[in-house]
Each structure stands twice: as C-alpha cells, then as structure tokens.
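Here is a friendly walk through one protein model, written for someone who likes to know how each term was computed. Have the viewer open as you read.

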Amino acid sequence: MLLENRTAIITGAAKGIGEATARRFAAEGARLILADMDSRAQTVAEQIVEQGGEAVFCPCNVGREADVEAVLDMAVRLGDLDIVVNNAGWQLNKPLLDTSVEEFNQVLNTNLTSMFMFTKGAAKIMIAKGHGGAIVNVCSSFAVVGSPGYAAYHASKGGVASFTRAAAISLMPHGIRVNAVGPGTTDTPGLRDGARDTGNEEEGMRSFMALQPLGRFGKPEEIASVITFLASDQASFAAGALWMVDGGYTVI
Ligand SMILES: NC(=O)c1ccc[n+]([C@@H]2O[C@H](COP(=O)([O-])OP(=O)(O)OC[C@H]3O[C@@H](n4cnc5c(N)ncnc54)[C@H](O)[C@@H]3O)[C@@H](O)[C@H]2O)c1
C-alpha cells in the first residue's frame, strides 16, 4: 500500500474527484480527514470506515480561515499530518464582462486563498513534527489555456499553478513536496453543474465532449490515481510540477 501510516486531509471530498481520491487513499492505507461544506462527506467517511478504513468528516468552508484552522487542529488532535490534497473548487460560469468584483474575489478565495491557508498551516504542523510531507493542489487544464466563459476560474487556476511552484521552492528545505494536478474535463457532479449552467445539461455535455481529443471525459478515479502517485514516496523527486491529466486537451 502506497500511503500506509500517513494522515491526509482531503478537501472537497463529498463528491467528484475529492471523493474518488478519498476512496483511493483509504485503499492505500491512509488515515483521512475529509473536509467539505457538504455533509455528504460524512457518508463517504462512514462508508470508508465500514470497509475497514480510517476516515473522519470535518465540516469546512475552505475559504474561511477559522474553518481551515479547525481542520488543521483536528489533524493535530489525531496525532499527525503527512499529506494535504487541496481539491475543493468552484467553477463560476460567467463571461468576464458580467462578472462582479465580489464574484471574482469569491472564486479566488475558494480556489486559491484556500490553498494558501491549508499549505501554510499544514507546513507549520509538518515542520513542528520534524518530518516532511506532500501537498497536492488540484489545478486545471484551464490554468494554461483561455476560454470566454470562466474568467475568474481561469485566473484562480493560473494562480494555483504559480502558487504551487512558489510553495514547492519555499517548502523544499523542510522536505515538503508541493505539486499540482491539472485535470481536463472529468465526469463529476461539478461538470454536470457546469453543463446545466449553459441552459441545457445534455447539450452542454455534448459541447464539452466535442472538445475532447480522446473522445471521452476523464473519470474521477483517473485523476485520483495521479494525485495518489504525487502524494506517495513514488514521486519523491517531483516538486513544483503541474501534472496535466487531461486526455490531451492542452496539447492540441
Ligand atoms: N470536473 C472537471 O472537469 C474538472 C476539470 C478541471 C479541474 N477540476 C477541479 O477539480 C476539483 C474538483 O472538482 P469536481 O469536478 O470533482 O467538483 P465537484 O463539484 O463534483 O466537487 C467539488 C467538491 O468541493 C466542495 N466544495 C466546493 N466549494 C467548497 C468550499 N468553499 N468549501 C468546502 N468544500 C467546497 C463541494 O461541496 C464538492 O464536494 C476542483 O478544484 C475543480 O476546479 C475539475
């Protein structure tokens, strides 16, 4: 098992990529703290425990400093912290000209400031414990390409890629590896929300599919697999990278 005796925080674990990552981490032997503002993460934690794993739910809005501190405190109470997967994110489907300053700031807060708060707090715990760790930030193919409907989201994910590089360099001396995964279009509840935002879910999904070089969407498990690799010792020389897992979306 790749993550035996590791304690990990996974944000946005109630569904989609975060849920798949939680289930895969549990299968690899990790102890889990599932942080989400959706209490469905409690059900995910209970199912993992029923299957012999270790998982607890911690309610959290990742954009609120006090909530982030509560999750980090839970890790300290449980005894340790080795891994953080900063996965929670919000894709606002709005053209630049219609996006308010409040909306722009809210997207940045949820998608980027949250990662800064978790990375800083987790690194302090890891350093105090006298060991290294691994932080994996869930970024996006939208960090490196543009599109008309998601200005705030693009900005936030570009920030995640850049923050990942800065954090990797800052935390390397402490043995903490920071990397990012860049999912392409992945079939999650969040993707279907995005398709619904276009006015017609079925047509929205068809229009997303037309852009896929592989002719299919990614599965949450396929993203979880690369997150697991980066969080594990198998990626011991990987630091500051943005690993695209996008079925070729960004190379055409
Ligand atoms: N699905 C895709 O096509 C795709 C593509 C590129 C990047 N991503 C990124 O992958 C990550 C996961 O996306 P997904 O598709 O699984 O999304 P999803 O909407 O299916 O799940 C997101 C989870 O994050 C939680 N969440 C959202 N805002 C939160 C907040 N403020 N505090 C706490 N929890 C919060 C939600 O409750 C939910 O459980 C996101 O960062 C997203 O930007 C997804």
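## Terms and ground rules

Two strands are said to pair if DSSP finds at least two bridges between them. Helices (H or I, at least four residues) and strands (E, at least two) are DSSP runs, numbered from the N terminus.

This is a predicted model, in which local features need pLDDT of at least 70 and side-chain atom pairs count only at pLDDT 80 or more, while totals for chains, interfaces and linings use all residues. Residues are numbered from 1 along each chain as its sequence is written, and side-chain values use heavy atoms, with hydrogens and water left out.

## The sheet

Let's begin with the strands. Seven of them make an open sheet with parallel pairing, in the order S3-S2-S1-S4-S5-S6-S7. At the edges are strand S3 (54–59) and strand S7 (242–245), each pairing on one side only. From one strand to the next the twist averages 20 degrees; axes here are lines fitted to C-alpha atoms, for helices over the stretch in contact, and angles run from 0 to 180 degrees between N-to-C directions.

Now follow the pairing through strand S4 (residues 83–86). S1 and S4 are parallel and share three bridges, with isoleucine 10 partnered by valine 85 in S4. On the way to S5, four bridges join S4 and S5, again parallel. Within S5, isoleucine 135 is opposite valine 84, and asparagine 137 is opposite asparagine 86. Strand S5 (residues 133–138) is then joined to strand S6 (residues 176–183) by six bridges, also in parallel; alanine 134 has arginine 177 of S6 as its bridge partner.

## Covered strands and packed helices

Are the faces of S4 and S5 buried or exposed? In S4, Ile83 and Val85 on one side and Val84 and Asn86 on the other are all buried, where buried means under 20% relative accessible area, exposed over 50%, and partly exposed in between (1.4 Å probe, protein chains only). In a regular strand the side chains alternate between the two faces of the sheet. S5 is covered on both faces too: Gly133, Ile135 and Asn137 are buried on one side, and Ala134, Val136 and Val138 on the other. That makes six of its six residues buried.

Helix H3 (residues 65–78) lies across strand S1 (7–11), S2 and S3, and runs at about 150 degrees to S3.

Threonine 164 belongs to helix H5. Threonine 164 counts as buried because its relative accessibility is 1%. Leaving out residues up to four places away in sequence, threonine 164 touches Asn137, Val178, Asn179, Ala180, Gly240 and Ala241.

## The largest pocket

How much space lies in the largest pocket? It is about 1,400 Å³. On a 1 Å grid over the protein atoms alone, a pocket is an open set of points with protein on both sides within 12 Å along at least five of seven lines, whereas in a cavity a 1.4 Å probe fits but cannot get out; lining residues have an atom within 4 Å of a point. Grid points are joined across faces, edges and corners, and a volume is the space filled by probe spheres set on the points.

The lining has 49 residues, with Gly89, Trp90, Gln91, Gly190 and Leu191 nearest the centre. Helix H6 (189–197) is among the elements that supply at least two lining residues, as are helix H1 (16–27) and helix H5 (151–171). H6 gives the most, six residues. By type, the lining has 19 nonpolar, 24 polar and six charged residues. Here Ala, Val, Leu, Ile, Met, Phe, Trp, Tyr, Cys and Pro count as nonpolar, Asp, Glu, Lys and Arg as charged, and the others, Gly among them, as polar.

Finally, visit asparagine 5, in the segment before S1. Most residues other than glycine have a negative phi. Asparagine 5 has a positive phi, near 65 degrees. Asparagine 5 counts as exposed because its relative accessible area is 59%.

Technical notes
Contact = heavy atoms within 4.5 Å.
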